[in-house]
Amino acid sequence: MWYVIWTATGREETCKKQIENVCSPASYLRAVIPRRKVSQKKNGIRRYVETKLFPSYVLVETSDVESLAMELKNIEGFVQVLNHEGSYMPLDEKESLMISKLIGDGETVEASIGYVEGDRIIITDGPLEGMESQIRYIDRHKRIAYIEMQLFDRMTEVKVPLEIVEKL
């Protein structure tokens, strides 16, 4: 199951490295900092940079959250497994599937490719394929789709890369 580790903004990478170095491999399967590739244009040159999908959060896949939580106490800085009234809360199945679909086996949400037909968005390739109904808004200039997803027990707007190649 996936659990959410909360840390200070800007310390996500340090937190992930410490989890990998301090925690035993038996207490977790993998730790990820979900990212997205964002297109930026500066001085007429378009380039792609990676930004964090969920600042302040590291996702950890584990089957033994109690052991992981105990080992996290050995990590310096503020690190905490998200919980509700003292009980650790894993991402539910729908949230886990959504994140797995977006990041795949890696950590980065790659750009989806699609086109606009009238007022419909059709995604032909990428992680957003089949998720057109969750797209709330497209910023074609910034090449970003705003999707709405249930995450951390609330509806969250997430920006993911989207290339619209044609408008019919």
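Three strands, ordered β4-β3-β9, make up an open sheet with mixed pairing. This is a predicted model: local features need pLDDT of at least 70, side-chain atom pairs count only at pLDDT 80 or more, and totals for chains, interfaces and linings use all residues. Residues are numbered from 1 along each chain as its sequence is written, and side-chain values use heavy atoms, with hydrogens and water left out.

Student: Which residues are linked with Arg35 in a network of salt bridges?
Tutor: A salt bridge puts a side-chain nitrogen of Lys or Arg within 4 Å of a carboxyl oxygen of Asp or Glu. The structure holds nine of them. In the network, Arg35 is linked with Glu13, Lys16, Glu20 and Glu107.

Student: Is Lys16 buried or exposed?
Tutor: Buried means under 20% relative accessible area, exposed over 50%, and partly exposed in between (1.4 Å probe, protein chains only). Lys16 bridges to Glu20 at 3.9 Å, N to O. Glu20 is partly exposed at 39%. Lys16, at 12%, is buried.

Student: How many residues apart in sequence are the parts that Arg30 and Glu61 tie together?
Tutor: Their side chains meet in a salt bridge of 3.7 Å, N to O. Arg30 lies in strand β2 (residues 30-32) and Glu61 in strand β5 (residues 57-61), so the tied parts are apart by 31 residues.

Student: Which strands hold Arg136 and Glu148?
Tutor: The two side chains form a salt bridge, 3.5 Å from N to O. The pair ties together parts twelve residues apart in sequence, in strands β12 (residues 135-139) and β13 (residues 144-151).

Student: What is the angle between the planes of Tyr137 and Tyr146?
Tutor: Rings of Phe, Tyr and Trp (its six-membered ring) pair if their centres lie within 6.5 Å; planes under 30 degrees apart count as stacked, over 60 as edge-to-face and the rest as tilted. The count comes to one aromatic pair. Tyr137 and Tyr146 form this tilted pair, 5.4 Å centre to centre, with a plane angle of 50°.

Terms used: Two strands pair if DSSP finds at least two bridges between them. Helices (H or I, at least four residues) and strands (E, at least two) are DSSP runs, numbered from the N terminus.
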